[in-house]
Amino acid sequence: MSGTPVAVVTGGNKGIGFAIVRRLCQQFQGDVYLTARDPGNGQAAIAKLQEEGLHPFFHQLDIDDLQSIRALRDFLKEKYGGLNVLVNNAGIAFKVLDSTPFPVQAEVTLKTNFFGTRNVCTELLPLVKPYGKVVNVSSSVSISSLASCSKELQQKFRSDTITEEELVKLMTKFVEDTKKNTHQKEGWPNTAYGVSKIGVTVLSRIQARMINEKRKGDHILLNACCPGWVRTDMAGPKAPKSPDEGAETPVYLALLPADADGPHGQFVSDKTVQTW
Ligand code: NAP
């Protein structure tokens, strides 16, 4: 088993994830894994970074596929005995003009952004070593969408005692409510992406609390963040930030120094803790 520190980035083949991998290759003292659901796209991304003189490793990971997540988990356990840095970057968004029915958009978006990210966390968080860092790439849209929720939902999502099971129930309820076309009456905002990212931010707050309760003394720091509005296939060419600029906050959180005792359980954008 290798004692080399190891960092893993999900959705690393393009966009912000690719830029995060590049920066980690430059700044992280250890092995950096670019993961992608499509091995061809992943290997092409690895080749690009190799041309820049960088040496990322590749492992397949589709966060929608529990078997794929478990294969990565077993690989990390066997080869490294765990992991030091996890960046949950993979995510999807339907285009504004997409004509896919809203209930389908809700189901598909929540499946990857919330349930997929949660499954990765369920399988990999127990492997995170002391002084490890976990970064869940959410979005500032989670804050604006929270503000559009009913008072009752806002209270639940801001609660310091909400459990992961309660959050999963709420995310499932949103998808069901969209199918009955009752989601707005039930206090939800009219954005599947926004609700999925509320889920990612609240999940991060819960996970940080669990780390405090169960792994006190391990100095693990876990946060949600927004990369900003970034020129990628997701956000389009008009966004102000380059992918490299978008990588700045996630990488800052991934490389917090060993003696840092925060941020932890926060929503961070532009390297600054935001009020949830
Ligand atoms: P992007 O260019 O569309 O890249 C998304 C990445 O996620 C791709 O590598 C994609 O892989 C991967 N992915 C999607 N579903 C996956 C799955 N099931 N398993 C594994 N990988 C999967 O988007 P981006 O702008 O870089 O977004 C990265 C993250 O930042 C997302 O979580 C997004 O919500 C968040 N974000 C972006 C912005 C922005 O302005 N761009 C703003 C706020 C937050 P494929 O190539 O195979 O599709």
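Buried means under 20% relative accessible area, exposed means over 50%, and partly exposed lies in between (1.4 Å probe, protein chains only). Keep that in mind on this tour.

The model is predicted, so local features need pLDDT of at least 70 and side-chain atom pairs count only at pLDDT 80 or more, while totals for chains, interfaces and linings use all residues. Residues are numbered from 1 along each chain as its sequence is written, and side-chain values use heavy atoms, with hydrogens and water left out.

**Stop 1: the sheet**

Switch to a cartoon view. Helices (H or I, at least four residues) and strands (E, at least two) are DSSP runs, numbered from the N terminus. Find the open sheet of 8 strands. Its order is β3-β2-β1-β4-β5-β6-β7-β8, and the pairing is mixed. Two strands pair if DSSP finds at least two bridges between them. Now select residues 57-60 and 272-274: these are β3 and β8, the edge strands, each pairing on one side only. From one strand to the next, the twist averages 30°. Axes here are lines fitted to C-alpha atoms, for helices over the stretch in contact, and angles run from 0 to 180 degrees between N-to-C directions.

**Stop 2: inside the sheet**

Select β2, residues 31-36. All 6 of its 6 residues are buried. D31, Y33 and T35 sit on one side, V32, L34 and A36 on the other, and both faces are covered. β2 runs parallel to β1, joined by 4 bridges. Click V9: its bridge partner in β2 is L34. V9 also stands opposite V87 in β4. β1 and β4 pair in the parallel sense over 3 bridges.

Move on to β4, residues 83-88. Here too, 6 of 6 residues are buried. 5 bridges join β4 to β5 (residues 128-137), and the two run parallel. L83 stands opposite V128 in β5.

Next, show residues 39-51. This is helix α2, which lies across β2 and β3 and runs at about 170° to β3.

**Stop 3: the cores**

Which residues touch the most other members of the largest nonpolar core? Select I20, V21, L24, L34 and V87, out of the 32 residues in that core. A nonpolar core is a set of buried Ala, Val, Leu, Ile, Met, Phe, Trp, Tyr and Cys residues joined through side-chain atoms within 4.5 Å. β1, α1, β2, α2, β4, β5, β6 and α10 each supply at least two residues of this core. The largest share, 7 residues, comes from α1.

Zoom in on L24. Not counting residues up to four places away in sequence, L24 touches A7, V9, V32, V87, V251, A254 and L255. Contact means heavy atoms within 4.5 Å. Apart from this core lies another, of 23 residues, including L61, L76, V128 and I211.

**Stop 4: aromatic rings**

Show Phe, Tyr and Trp side chains. Rings of these residues (for Trp, the six-membered ring) pair if their centres lie within 6.5 Å; planes under 30 degrees apart count as stacked, over 60 as edge-to-face and the rest as tilted. The structure holds 8 aromatic pairs. Select F157 and W188: the ring centres are 6.0 Å apart and the planes meet at 50°, so the pair is tilted. F157 lies in helix α6 and W188 in the loop between α7 and α8, 31 residues apart. Are these two buried or exposed? F157 is buried, at 0% relative accessible area. W188 is buried as well, at 3%.

Then select Y33, F57, F75 and Y80, which ring pairs link into a cluster. K48 lies over the face of F18, 5.4 Å from the ring centre. A charge sits over a ring if NZ of Lys or CZ of Arg is within 6 Å of the ring centre and within 35 degrees of the ring normal.

**Stop 5: C121**

Finish in helix α4 (residues 102-124), where C121 lies. C121 has 2% relative accessibility and counts as buried. Beyond its neighbours within four places in sequence, C121 is in contact with N88, P126, N136 and Q207. Now pick T182: C121 and T182 are 61 residues apart in sequence and 30 Å apart in space, C-alpha to C-alpha.
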